[in-house]
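Dear colleague,

I am passing on the structure below, and I would be glad if you could look through it alongside the notes that follow.

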Amino acid sequence: MSPSKTHKAVATFGPRKPLQLIDVPTVKPPGKEVCIKVAWTASTPLDLHQADGGLLVNPPQVLGDGASGIVVEVGDAVERLKVGDEVFGFTWRSQQDKAHQEYITAPENLFGLIPKRMAAEAVVTVPNNLVCVCHTLTHDLHLLFPWPLPENYVPEEFEVPILIWGGSSSVGQYALQVLKYLGYKNLITTASPKHHQMLKDYGARITVDYNSVDVVDQILKLAGGKVKYAIDCIASREGSLEPISKILEAGSIVAVSLPVIIRDATDTVLPEYSMEPDKAVKWADGVEVVGTRTHFYLENKFFEEHLQAEIIPLLLASGDVVPNRQRIVNGETLLERAENALDLLRRKVPSGERLVWRVAEP
Ligand SMILES: NC(=O)c1ccc[n+]([C@@H]2O[C@H](COP(=O)([O-])OP(=O)(O)OC[C@H]3O[C@@H](n4cnc5c(N)ncnc54)[C@H](OP(=O)(O)O)[C@@H]3O)[C@@H](O)[C@H]2O)c1
């Protein structure tokens, strides 16, 4: 099947302006690229940061960076994928590979085959934030990610306390599961109590309610030593950076999932962001503060080749990583589904789950 010459895409036209459907060219895949008919996508907080906050956008800009669907055309140098393959991937680099549109054209190494017996709407929750986690652990925290993982592998610092702030977020769920897979035993996380059992199953040794007034004291008491590594999956100045800054000490490293949210949007006020987590709060001397930028993960040549094409599908197929729970967002049209998802993000509805919606009809 050959895609039509143009197709529909969901675009932002500026902060808080209504999303619009636009017609964009359906790009014939050159060389090592493939064209995918997008079945499902997921909405993430980045969509909100971009649609309401205008963060890193040049309107009119197509949104979305996670898709699952079917390969409809391949470039002449494509070696692995073929027409008809069911795939999923994290794609973000240009309008033609953003996810909230009916067809995307992108390099084949940005897609993996959907493992047998897994649903396209489940795996679409995975690629962007699992890539984020692998990039955070290796690039920002300087931890090893041996692949294939040697049998009986035990990381040198397997007992070191590692704090995952916001374990029930999508990033947090994957961070816990990957750290458990790598062999780390002393994982401490914060989340609402209703998610604590799930996060223990994912590898957390200690779960603390982030709304407790003594959340910092609880973590300091229960960690069993200096928290050497932290991942801030929330990056809210008041809601996560401030408490984390009271826990870390000289020699600790924290990776902050940018942007730092200085102020959430209200009905009358625009959101405010910072890309400088080291300046957003006062850190103890000697704490290394790194802002995570997953968009640079392709600088790791091993990950460029293997992460989405091989590692992520295998982690799912083996059951070492399970997808986020999905909340299916309904709507009569593509635009309605996109707007309904954005509205749920605005109202902070997602809790331990990912918003997922249909793009092209089957
Ligand atoms: N820079 C990058 O490379 C990069 C990559 C990926 C994501 N991000 C950013 O990372 C952030 C998280 O993304 P996501 O998709 O994982 O979010 P998400 O799944 O939508 O996050 C929702 C969860 O956040 C939790 N939460 C809210 N406030 C909290 C707080 N103060 N402390 C602890 N948990 C809190 C809620 O927990 P409960 O339900 O338990 O209450 C809820 O489950 C976003 O701002 C996103 O843009 C950045």
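Does Leu56 count as buried or exposed? At 60% relative accessibility, Leu56 counts as exposed, where buried means under 20% relative accessible area, exposed over 50% and partly exposed in between, with a 1.4 Å probe and protein chains only.

Before the rest, please note that this is a predicted model, in which local features need pLDDT of at least 70 and side-chain atom pairs count only at pLDDT 80 or more, while totals for chains, interfaces and linings use all residues. Residues are numbered from 1 along each chain as its sequence is written, and side-chain values use heavy atoms, with hydrogens and water left out. The protein chain averages a pLDDT (the predictor's confidence in each residue, from 0 to 100) of 96, and 99% of the residues score at least 70.

Backbone geometry

Leu56 lies in the loop between helix 1 and strand 4, helices (H or I, at least four residues) and strands (E, at least two) being DSSP runs numbered from the N terminus. The phi of Leu56 is near 50°, a positive value in a residue other than glycine. Pro60 is found in the loop between helix 1 and strand 4, and the peptide bond from Pro59 to Pro60 is cis, with omega near -5°. Ala235, in the loop between strand 12 and helix 7 (237-245), has a positive phi of about 60° although it is not a glycine; Ala235 is buried, with a relative accessible area of 0%. Most residues other than glycine have a negative phi, and most peptide bonds are trans.

Helix 9

The 17 residues of helix 9 (residues 301-317) should span 24 Å at 1.5 Å a residue, and the end C-alpha atoms are 24 Å apart, which agrees; the expected span is 1.5 Å times one less than the number of residues. Just after helix 9, Gly319 takes a positive phi of about 85°.
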